[in-house]
Amino acid sequence: MTYPPTVRTAPQSAPTHAPAQPPAAPPAHRGVWAVGKERLRTAATTEPGRLQIIGAVLAVLVVAFGAVTAFEISDRASAADDVVSRSQPLSADAASIYRSLADADTAASSGFLAGAEEPRAARERYQKDIALASRLLVKAAANTDGSSESGRQIAALNEQLPRYTGVIETARAYNRQGLPLGGAYLRFANGQMTRDLLPAAQKLYDAETARLERDDDHARFWPVSSLAVGVAALAALVWMQRRNYLRTNRVFNHGLLAATAAATVVLLWLAVGHTVARAELNAAEAHGQKSLKVLNDARISSLKARANENLTLVARGAVLTDDGKSDKYETDYTSGMKKLGDRLSEARSLADDKEGLGPVESAVKGVSEWKVRHASASTTDKAGDYEGALAKVIGPKASTGQSFDQVDDALATALAHEQREFTHAAEDGRGALTGLPVGAALLAVLGAAGAVLGINRRLSEYR
Amino acid sequence: MTDLKARFRGWGGVAGMAAACALTAAVTLLPLSHGGADDLGSGADGRSAASATPAKDDGCTEPERSLSPSAANGPNIDAIVARGKLIVGVDQNSYRWGYRNPATGGLEGFDIDLARAIAQDILGEPDAVIFRAIPTNQRIPALNNGTVDIVVRTMTINCARIKQVAFSTAYFQAGQQVLASEGSSITGYDKSLAGKKVCTAEGSTAYDALEKNSFGATFKDKHDGQPGDEDVLTVSNQLDCLVRLQLGLVDAIVTDNALAAGQAAQDPAVELKGGKPFTTEYYGVATKLGKTDLVRRVNKVLDEYRKGAWTKAYNKWLVADLPGITGPPAPKYSAG
């Protein structure tokens, strides 16, 4: 915080060498400043003049305190508002975009496995996923600057998505004609998804999450300037009252006392308000955002595991890992399931209430059942019973597909719960700052008025 | 009165200073706004693709010569019988040869019938087969690491491959041919390919042919065989080429005429170019090197298959797209 130099220097230098000081400004600049300076210098030689200057300084400090507080807290509050109403929803939306794209691809391959007559449920699931992804992309685009990282990824996704759906429709058409070309189109679409769309969605999610973290950090950053000016204003007020007491032996000056009270209230409000806001935002980050991230990761891992499980059957188990030793999709399925298990146990330790723990436990149960069913399907496939394995993976009864749906539903419930927790805590954090900017400004004006009145009361004794 | 006026003017100055304060505060705090995009540049290192080694003529003139047929059981046959299932590497994308019928979800085709005939002979049961779909470039690794017992997958017998795997006698004669859209300026495996983008399957004999002479065509992806493989010009299956041709990513496809005919059957807007195939190749059943009992047994099955079942299978699967073939190629046996 900088002050106009005249205010600070004049009172200090005035008593000793004010008259000896040469005119600072050359004649050309001799205007309002120079006249003001001259007047200040003469004023500083008498006690009433000094009092006037001190009064001015006190008023400035108190008003500055109010102004800086109002500004700084508005800034923090708008960052907190961004967290609640913009960046967090966008980060959650980006996660949903990724999820619906991956889910659409999985639904398409499930439909392919089922034969020429794609099951209605798989088709509807695919359509719902694509519709959701398109809707969320439009929403994200409306909230994003086109030249930013997010903007670029949204543009890439918008370019790629119609191409992807076009290829999927071609695959369906050939499939229904009984031609293997449909399968080739499906592979092409799957390649587009894993090579272009999903990485772009991942980058979008990363960029939106980084923006959320920036907004969150910004909102939690201590209002140092306000605190510094506030302490300075209070110190100046106390000093002035002590000076008064030493010179006049009067203990109380009502005006100055009122100013001190106002400044103290603002300082306390500021400290407590921002501490509470910080605490709530910290809680939102620790409980909500961390859980959301872990649960989103878990959901994506389960989707990847499911897609790979489908592909083991689409590819009939002979696409090998790079070392040529094991089935690529089976390996990817296993690593996906492992990651899912890790994320779920992490989510379990992060869940801090029964409502949050319930769905996570249910997902854990679903995962262990899924693994058992997968092992059984895998054994059936290895024994040469492809049709039997297929039924165990995409069938309507006791299939791994149903386990996957159970895990996915449980994770969706857990995510919705943590989302509520996050929004609740973050809104509380934002709420803790409500009224502070206006209150600080009003109290500062009152405080400044008090300081001026208090000084005027002393001044009137010289008349 | 003047005193008051002066004082008033003084307070006006204070207000001005306060405003200045506020302004300074505003200016110093303003840059705390949002911004700054993080650029996640993707870095793919651009090493050039490792080239496949072309076949050399080190005394190899008739790679299609195979071991004499025998019904005797050896250790490899015994292992299959003990398992009760024959594991066969096939394709599920070659129309009429080995393909997944989307209507039934089952695998069908000329190669599939042959695989079942072999299972029938060894295990007495045509359904005692586990089919593993293999990409073109995984046929040899899948045999060598024991993923499959045999490969029946339109696999060309050639001098380079007989050093890596063992082959049965030939069960079909084919040849490379160029496939392109009907209205294309490409006339065949000739100068008309110059400057065109040509698609082949990774690890196929068609790729080797282009490696020898591509007539100025582009046929390699920038990152072939690396993590960033584009999968546009070289793909895991010849049918993937037809997708890229239809989407306009490539101008022509080089593959066996037998497979190209299957592609043309799925898309009437493409045709085989240049009249005749520009190579002569034989398809054989492949096993891991050294599995002589299995090779001899397959040769025995093929001997019987040529007597009637072959023509039946040809009429069922191939005659529509590959007319005019009178019979299977005659088996050639080596001295051993």
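Q: Let's start with chain B. How much of it counts as buried?
A: Chain B has 336 residues, and 45% of them count as buried. Keep in mind that this is a predicted model.

Q: How many helices and strands does chain B have?
A: There are nine helices and 14 strands in chain B.

Q: And its contacts, how far apart in sequence are the residues they join?
A: Take the contacts in chain B between residues at least 6 apart in sequence: 75% of those join residues at least 24 apart.

Q: OK, confidence next. What does chain B average for pLDDT?
A: The average for chain B is 82, and 82% of the residues score at least 70.

Q: Where does pLDDT stay under 50 in chain B?
A: One stretch is residues 1–18 of chain B, where the model has 14 contacts beyond four places in sequence. Another is residues 20–56 of chain B, with 48 contacts beyond four places in sequence. Where pLDDT is low, the predicted coordinates should not be read in detail.

Q: What about chain A, what is its mean pLDDT?
A: Chain A has a mean pLDDT of 85, and 91% of its residues reach 70 or more. Over residues 1–21 of chain A, though, the pLDDT is below 50; that stretch has 34 contacts in the model beyond near neighbours in sequence.

Q: And the complex, what ipTM and pTM does the predictor give?
A: The predictor gives an ipTM of 0.75 and a pTM of 0.77 for the complex.

Q: Back to chain B. Which domains is it divided into?
A: Domain 1 of chain B takes in 75–174 + 282–318, and domain 2 covers 177–273. Their C-alpha centres lie 25 Å apart.

Q: How many residues does each domain give to the contact?
A: In chain B, 13 residues come from domain 1 and 16 residues from domain 2. On the domain 1 side, the elements giving two or more residues are β2 and β8 (165–174) of chain B. By class, that side of domain 1 of chain B has five nonpolar, seven polar and one charged residues.

Q: Let's do sheets. What order do β2, β3 and β4 of chain B take?
A: These three strands of chain B form an open sheet in the order β2-β3-β4, with antiparallel pairing. β2 (93–94) and β4 (107–108) of chain B each have a single partner strand, so one side of each is left without a neighbour in the sheet.

Q: How many bridges join β3 of chain B to β4(B)?
A: Two bridges join β3 (residues 98–100) of chain B to β4(B). B:Tyr99 has B:Glu108 as its bridge partner in β4(B).

Q: What holds paired strands together in general?
A: Strands of a sheet pair through backbone hydrogen bonds, either parallel or antiparallel.

Q: What order do the strands take in the five-strand sheet of chain B?
A: The order in chain B is β11-β10-β12-β9-β13, in an open sheet with mixed pairing. The edge strands are β11 and β13 (270–273) of chain B, each pairing on one side only.

Q: Parallel or antiparallel: how do β10 and β12 of chain B pair?
A: β10 (residues 198–201) and β12 (residues 252–256) of chain B pair in the parallel sense, over two bridges. B:Cys199 stands opposite B:Ile253 in β12(B).

Q: Now helix α7 of chain B. Why is it largely enclosed by the rest of the structure?
A: Eight of the ten residues of α7 (residues 257–266) of chain B are buried, so the helix is largely enclosed. Among the buried ones are B:Asn257, B:Leu259 and B:Gln266.

Q: And B:Ala217, where is its place?
A: B:Ala217 is in the loop between α5 (205–212) and β11 (234–235) of chain B. B:Ala217 counts as buried because it has 23 C-beta neighbours inside 10 Å. Leaving aside neighbours within four places in sequence, its contacts include B:Leu193, B:Val198 and B:Leu210.

Q: Last one: how many residues does α7 of chain A have?
A: Helix α7 (residues 224–248) of chain A has 25 residues and reaches 36 Å from its first C-alpha to its last, close to the 36 Å expected. Its buried residues include A:Val229, A:Leu237 and A:Met240. What covers the buried residues of α7(A) includes α3 (47–114), α8 (254–314) and α13 (436–460) of chain A. Just after α7(A), A:Asn249 takes a positive phi of about 65 degrees.

Notes:
Residues numbered from 1 in each chain as written. Chains lettered and ligands numbered in written order. Predicted model: local features only at pLDDT ≥ 70, side-chain atom pairs only at ≥ 80, totals over all residues. Buried ≥ 20, exposed ≤ 12 C-beta atoms within 10 Å, placed from the backbone. Helix = DSSP H or I, 4+ residues; strand = E, 2+ residues; numbered from the N terminus. Contact = placed C-beta atoms within 7 Å. Pairing = 2+ DSSP bridges. Domains from an automatic or database assignment. Nonpolar A, V, L, I, M, F, W, Y, C, P; charged D, E, K, R; others polar. pLDDT = per-residue confidence, 0-100. Expected span 1.5 Å × (residues − 1).
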